[in-house]
Each structure stands twice: as structure tokens, then as C-alpha cells.
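Please consult the sequence and the structure shown below while reading.

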Amino acid sequence: MEVVGNMSNSKKRHIEMIISVSAFLVLSFSSSVFATASGLNNIPTADIPPKRTVVLQEFTTWGREPSKPKHTVGFKTSFFDLIEFGMDRQVGTGHPGGVLFQAKVRYDFKRDGWPIPAAGVANVAFDADGRKRSGLPFPYLVLTEDLKLLRAHVGVDFQEDGEGVFFGFDGKPLPKALSGLTLRTDGIMINNAQDLLYSVGFIYEPGWKFPFNVAVESWYSFSSAGSNDDDSFLLKLDYIIHF
């Protein structure tokens, strides 16, 4: 990718367009597209991928039926360090298809003490299979604030019959030798705001730079309802491609 930096601007734009379109086509024709909004586990944050970056993801979720995990793949990217766009789809036998879309707009004031606001919508489907899988769209507003030792995220969602608040924290309170490890947690209202769904987990970035960055993510979710119905375990792989 360093070679691109020595080319003319017109050639750079041409190569960037080819890479972006190629990534989209590869994912689309392999029935493999993904991108829940950039965030923690069950909540979005004001984060978006860096400019000129495509994040390819694959994640598997185990719930009440550990013998029948759900597999999802897809991608997300950003434009102008302002807008995020992504798509995802479940894959494998026995799972509903249907592509889901998400988009987010955020603005970074780049001033100490000012949180970063973002507004977006996730869980958007345009066909029957997607709507069967996802249910209703998930519009939201969220603020992300860097508190030095950790980051805090708080927001509200406007999903029909499911409106409520959500929150989360992430940080690196570990020794420098484990600087690639970030601990994370979040919570969101469920069951018409009668209960909370909690998640605890981590993301680890070993720091590989070639041919792409890699991150490994894991989460465990459980509900305040006291039932195991909402318990789940998630393992996610991120392939971060800069161009």
C-alpha cells in the first residue's frame, strides 16, 4: 500500500475506487456482507472506521442452542471521517438470509471536554427475509466521551415498541505489555424497557500490519430478567484493510 502514496492524485482515486468496489462485489456475490454499527456488543457508539479503511468481519453467536450457532459476515467502511455505512447477512444452512443495512453520521469537535455525538440507524432490511431476521429498524442517538482512564458511551434508541436508553464503557487498565487488549461492557433496555441486557467482553489487536490488521473480539451477554433465554456468547474476527 505504500506504493499508492507515490502516485498522482487521479491514480490514487482510481485505485481507491477499484478497491472499494471490488470489496463490495466480493462480499455481495459470496452472500457474505456484514456490518453492525461500530460500537460495543449490543450498543452503537460514536466510533467509525478510519478513512480509507474497510473492515471485513465474521462472527458466530451461541445461544440457548449451542449446537446451532449463528454465523454472520459482512463489512463496514466510512466516508470523509464523518459517515459510516455497512451491511451484514447471516450465512449457513437453516438461517434466514436477508441483507441488513446500517448507517451513521458523527461529528468530532476535536476539543477537550466535548463528547462526540452520532446519529444513525441499524437493523434496516428491504426484503421479507431480512425483516424476518431483524425485526424493526433501530434508530439512535449516542454520545462518546474520553475520560482518559476509560471511555463512556450513552445514548437512546427509538425502535418502535422498544424505546429506551443504553450505555457502555471501554478502556485499557492493563499493563503496557497487554496494550493491545481493551476491556469492554455495555447495557441496553429490552422487553419494552422492563429489563436490561448486559454484555462483558474484550477486543484484542496483536498489532499485525501486513497484509491487514486483525482483531479478535469476544462477548458474553445476559439479562436482568433472570432467565437464560437472553444469554449468549459471541466470537468475532475483524480484518482491517487500509488502502
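Predicted model: local features only at pLDDT ≥ 70, side-chain atom pairs only at ≥ 80, totals over all residues.

Two polar partners are found for the side chain of Arg 184. One is the side chain of Glu 217, with which it makes a polar contact at 2.4 Å. The other is a backbone atom: the oxygen of Gly 39 lies 3.5 Å from a polar atom of the Arg 184 side chain.

## Residues around Arg 184

When neighbours within four places in sequence are left aside, the contacts of Arg 184 include Gly 39 and Leu 40, as well as Phe 169 and Asp 170. A further run of contacts comprises Ser 199, Val 200, Gly 201, Phe 202 and Ile 203. Glu 217 and Trp 219 complete the list.

Strand β9 pairs with two strands described here. With β8 (residues 164-171), the pairing is antiparallel and spans six bridges; within it, Phe 166 has Ile 188 of β9 as its bridge partner. With β10 (residues 195-204), β9 is joined by ten bridges, again in the antiparallel sense. In that pairing, Met 189 stands opposite Leu 196 of β10.

Strands β9 and β10 also form a hairpin, in which four residues lie between the two strands. Within the turn, Asn 191 has a positive phi of about 55 degrees.

## The chain as a whole

The protein chain contains two helices and twelve strands. Read from the N terminus, the order of elements is α-β-β-β-β-β-α-β-β-β-β-β-β-β.

Of the 243 residues in the chain, 38% count as buried. The accessible surface amounts to about 13800 Å², and carbon and sulfur atoms contribute 62% of this area. Among contacts with a separation of 6 or more, 47% are between residues 24 or more positions apart.

Terms used:
Residues numbered from 1 in each chain as written. Heavy atoms only, no water. Polar contact = N/O pair within 3.5 Å; in protein donor to acceptor, adjacent residues only side chain to side chain. Contact = heavy atoms within 4.5 Å. Buried < 20%, exposed > 50% of the residue type's maximum accessible area, 1.4 Å probe, protein only. Areas by Shrake-Rupley, 256 points an atom, 1.4 Å probe, with all protein chains shown as cover. Pairing = 2+ DSSP bridges.
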